[in-house]
Amino acid sequence: MLTNDAEVYVTNAAAMLSALAPESHDHGDHLRAELPAATRILLRRPIPIAPLLATTSRPVTIEDVFGTDETAPPATVLRMPVMNRPAGPPASAPGPNVVPVTGEDDLAVAERVMIDGFPFPRYQPVVRGRALPPRVLGLPGWKVWLAYSEGEPAAAAYTYDDGAAVGLYWLATLAEFRSRGLGRALMNGVFAAHPDQVCTLTATEAGRPLYESLGFRTVATATWHTRH
């Protein structure tokens, strides 16, 4: 079973997916969201992976934070740390180059930065509003962030506040702007906006050192089963 710390992430991710995909279904042991590019399944307790993969012919990703010991071909497997940061102020001022997105044009810019920065092949070529539809700007708890470098959009992410914790998703910096501290600045912007809440995320190995330096600690290891 998960620790309470890891449950913070699962609860936030489930609420975020439900808000993003209104047609999502919570089956009790897993939540299923039909997104434009793929089916996304979030386990809410340990269950077999293979039968879930067989329920759709679409590209599918199953996120398992419980460490179910199963590799289900033909899915690829990626393991990433789930990390939490206790409530608290930012480590330093985020600076004027980090701004929350309020308009649809800036949302489209942030969407492109995230898709190209990771990159996310499923969403390429970028179609405006496919990954992040304009309605997210009006959803309770949602906030999209942009960081600029010399006036150019360079890094972006979005957060979801479920009332108990703030989840950070899709933090990415465009390749030509990396190693300039933009990810750190954007994170400090998130902390400044939510100083009284835990922050939770799933980290890539490339991003893990940054998160550890900002006070995050690993609370679980998520296994992502993806069939393209």
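Q: How many strands form the sheet here, and in what order?
A: There are 11 strands in an open sheet, ordered β1-β2-β3-β4-β11-β5-β10-β9-β8-β7-β6, with mixed pairing. Keep in mind that this is a predicted model.

Q: Which ones are the edge strands?
A: β1 (25–26) and β6, each of which pairs on one side only.

Q: How do β3 and β4 run, parallel or antiparallel?
A: Parallel: β3 (residues 39–43) and β4 (residues 60–64) are joined by four bridges. If you want a spot to look at, find R40, which stands opposite T61 in β4.

Q: OK, helices. Which strands does α1 lie across?
A: Helix α1 (residues 4–20) lies across β2 (30–34), β3, β4, β5 (76–85), β7, β8, β9, β10 (198–202) and β11 (217–227). Its direction is about 75 degrees to β9.

Q: And α4, which strands does that one lie across?
A: Helix α4 (residues 182–193) lies across β5, β6, β7, β8, β9 and β10, and runs at about 145 degrees to β7.

Q: What does N12 touch, leaving out residues up to four places away in sequence?
A: Y160, D162, A165, V166, G167, Y169 and T200. With D162 there's also a polar contact of 3.3 Å between the two side chains.

Q: Let's switch to α3. Why does its end-to-end distance agree with its length?
A: Helix α3 has 14 residues (104–117), and at 1.5 Å a residue that should span 20 Å. The C-alpha atoms at its ends are 19 Å apart, so the two agree.

Q: Which α3 residues are buried?
A: L107, A108, A110, E111, V113, M114, I115 and G117.

Q: And what do those buried residues pack against?
A: Three strands: β7 (142–149), β8 (152–161) and β9 (165–173).

Q: Where is G103?
A: G103 is in the loop between β6 (98–100) and α3. It counts as partly exposed, at 24% relative accessibility. The C-alpha atoms of G103 and P134 are separated by 8.5 Å, though the two are 31 residues apart along the chain.

Q: New topic: how many salt bridges are there?
A: The count comes to eight.

Q: What does R58 form a salt bridge with?
A: With E34, where the closest N and O atoms are 2.8 Å apart. R58 lies in the loop between α2 (50–53) and β4, while E34 is in strand β2, so the pair ties together parts 24 residues apart in sequence. R58 counts as partly exposed at 27% relative accessibility, and E34 is partly exposed too, with a relative accessible area of 26%. There's a network here as well, linking R32, E34 and R58 by salt bridges.

Q: What about D105, which residue does its side chain meet in a salt bridge?
A: R128, at 2.8 Å from N to O. D105 lies in helix α3 and R128 in the loop between α3 and β7, so that pair ties together parts 23 residues apart in sequence. Both residues, D105 and R128, are exposed.

Q: Last one: what does E212 form a salt bridge with?
A: R208, with the closest N and O atoms 3.2 Å apart. E212 and R208 are four residues apart in helix α5 (residues 208–213), so about one helical turn separates them. E212 is partly exposed, with a relative accessible area of 41%, and R208 counts as partly exposed at 25% relative accessibility.

Key: Residues are numbered from 1 along each chain as its sequence is written. This is a predicted model: local features need pLDDT of at least 70, side-chain atom pairs count only at pLDDT 80 or more; totals for chains, interfaces and linings use all residues. Side-chain values use heavy atoms; hydrogens and water are left out. Helices (H or I, at least four residues) and strands (E, at least two) are DSSP runs, numbered from the N terminus. The expected span of a helix is 1.5 Å times one less than its number of residues. Buried means under 20% relative accessible area, exposed over 50%, partly exposed in between (1.4 Å probe, protein chains only). Contact means heavy atoms within 4.5 Å. Two strands pair if DSSP finds at least two bridges between them. Axes are lines fitted to C-alpha atoms, for helices over the stretch in contact, and angles run from 0 to 180 degrees between N-to-C directions. A polar contact is a pair of N or O atoms within 3.5 Å; within protein, one must be able to donate a hydrogen and the other to accept it, and residues adjacent in sequence count only if both atoms are side-chain atoms. A salt bridge is a side-chain nitrogen of Lys or Arg within 4 Å of a carboxyl oxygen of Asp or Glu.
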